[in-house]
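Look over the structure below before reading the notes. They are grouped by topic.

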Amino acid sequence: MATERGRAAVVGAAGFLGSAVHDELVRREVRVLPYTRARSFLAATSEVTTADTVFWLASSIRPATASTDVAAGQSDLHAMGTLLDRLAAAPRRARCRVVVVSSGGTVYDARQAPPHRETGTTRAVNDYGRAMLAVEDLVRERAPEHTVLRVANAYGPGQVARRGQGVIAHWLDAVARDEAITVLGDDQLARDYVYVDDVVAALVAVHEAHEPPPLLNIGSGVGTGLGELVDAVRATVAPLQVRVDRSPARPFDAPSTWLAVDRAADILGWEPRVPLEEGLARTWAARRPTAVPVAARAQQ
């Protein structure tokens, strides 16, 4: 059945999270207006202002590129400003909810011990975090009805191994190619890994909620060290071997961080349902090679 809030716009509908939330909304019979680089909401024929919810899942930068591609971050901010201008000028402005996905791993003050709560101090750990906070500030100032979701390290089927982002996608891609995985930093460095279906469930819950809060953390609620993640990947891809190369952490990498997610449970009834082992298994099933690499055959 269609929800009461029956129309949603997804800006960034071709991306990893954007395509996943688009497909889930369609499955729920929500009328979806998808926007991509090829089909921009900036076009004169755009219906974006008719949406009950606008999901902002578009970003031109990643942690590894934010400091060197400042123009891309400014372009994202300008596009968001243009969207908010259009929504403000539309007669249905008060009915439109803007939902922004921000970075749960790079915006909180790393001097405070995790898990980080929504009430915690923000102090971006890198240029990517600063760009995310700028988008958050803009939507708070100009969207009367909004929700910012600070999402941890999302992963799952369909995630492309892009430079500087998505360690699980990179590692499983390397294993499938019979290459070594690269561990950047100490084995104790911990991150919060949340499966894509859980993130999508949170986004849909915000769309359907009568009065969602302006800020929520979305993550697994636990920190997983790099060493633990290596072990989990080894168990997932067995009998294939996992060869490990080690390098120092990069300057833009955040320290150990994970999120407290009980507020989303209390307010939305949302909680992460897919444990890391199951999420890795699902992701590997969608990526694993059809042929057994040479290194694995040598062990059989």
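How many bridges join strand β1 to β2? The model shown is predicted, and in it 5 bridges join β1 (residues 7–11) to β2, with the two strands running parallel.

- Six strands make up an open sheet with parallel pairing, in the order β2-β1-β3-β4-β5-β10.
- Its edges are β2 (31–35) and β10 (215–218), each of which pairs on one side only.
- On average, neighbouring strands of this sheet are turned by 20° against each other, direction ignored.

- Ala154 belongs to strand β6 (residues 153–155).
- The relative accessible area of Ala154 is 16%; buried means under 20%, so Ala154 is buried.
- Beyond its neighbours within four places in sequence, Ala154 contacts Phe16, Leu17, Gln159, Val194 and Val199.
- Asp253 is 99 residues from Ala154 along the chain, and their C-alpha atoms are separated by 16 Å.

**Helices α6 and α8**

- The axes of α6 (residues 226–237) and α8 (residues 276–287) come within 10 Å and cross at roughly 50°.
- Because of that angle, α6 counts as oblique to α8.
- The crossing of the two helices is right-handed.
- From α6, the residues that meet α8 are Leu229, Ala232, Val233, Thr236 and Val237; they face Leu276, Leu280, Ala281 and Trp284 in α8.
- Sorted by class, this contact has 8 nonpolar residues, 1 polar residue and no charged residues.

**Backbone details**

- Most peptide bonds are trans, and most residues other than glycine have a negative phi.
- The bond joining Pro114 and Pro115 is cis, with omega about 10°; Pro115 is in the loop between β4 (97–103) and α3 (127–142).
- Another cis peptide bond runs from Ala238 to Pro239, with omega near 15°, and Pro239 is in the loop between α6 and β12 (244–247).
- Glu29 is not a glycine but has a positive phi of about 70°. Glu29 is in the loop between α1 (16–27) and β2, and its relative accessibility of 52% makes it exposed.
- Asp178, also not a glycine, has a positive phi of about 60°. Asp178 is in the loop between α4 (167–176) and β7 (181–184), and with a relative accessible area of 26% it is partly exposed.

Conventions
Residues are numbered from 1 along each chain as its sequence is written. This is a predicted model: local features need pLDDT of at least 70, side-chain atom pairs count only at pLDDT 80 or more; totals for chains, interfaces and linings use all residues. Side-chain values use heavy atoms; hydrogens and water are left out. Two strands pair if DSSP finds at least two bridges between them. Helices (H or I, at least four residues) and strands (E, at least two) are DSSP runs, numbered from the N terminus. Axes are lines fitted to C-alpha atoms, for helices over the stretch in contact, and angles run from 0 to 180 degrees between N-to-C directions. Buried means under 20% relative accessible area, exposed over 50%, partly exposed in between (1.4 Å probe, protein chains only). Contact means heavy atoms within 4.5 Å. Angles under 35 degrees count as roughly parallel, over 145 as roughly antiparallel, 65 to 115 as roughly perpendicular and the rest as oblique. A crossing is left-handed if the near helix is turned anticlockwise from the far one by less than a right angle, and right-handed if clockwise. Ala, Val, Leu, Ile, Met, Phe, Trp, Tyr, Cys and Pro count as nonpolar, Asp, Glu, Lys and Arg as charged, and the others, Gly among them, as polar.
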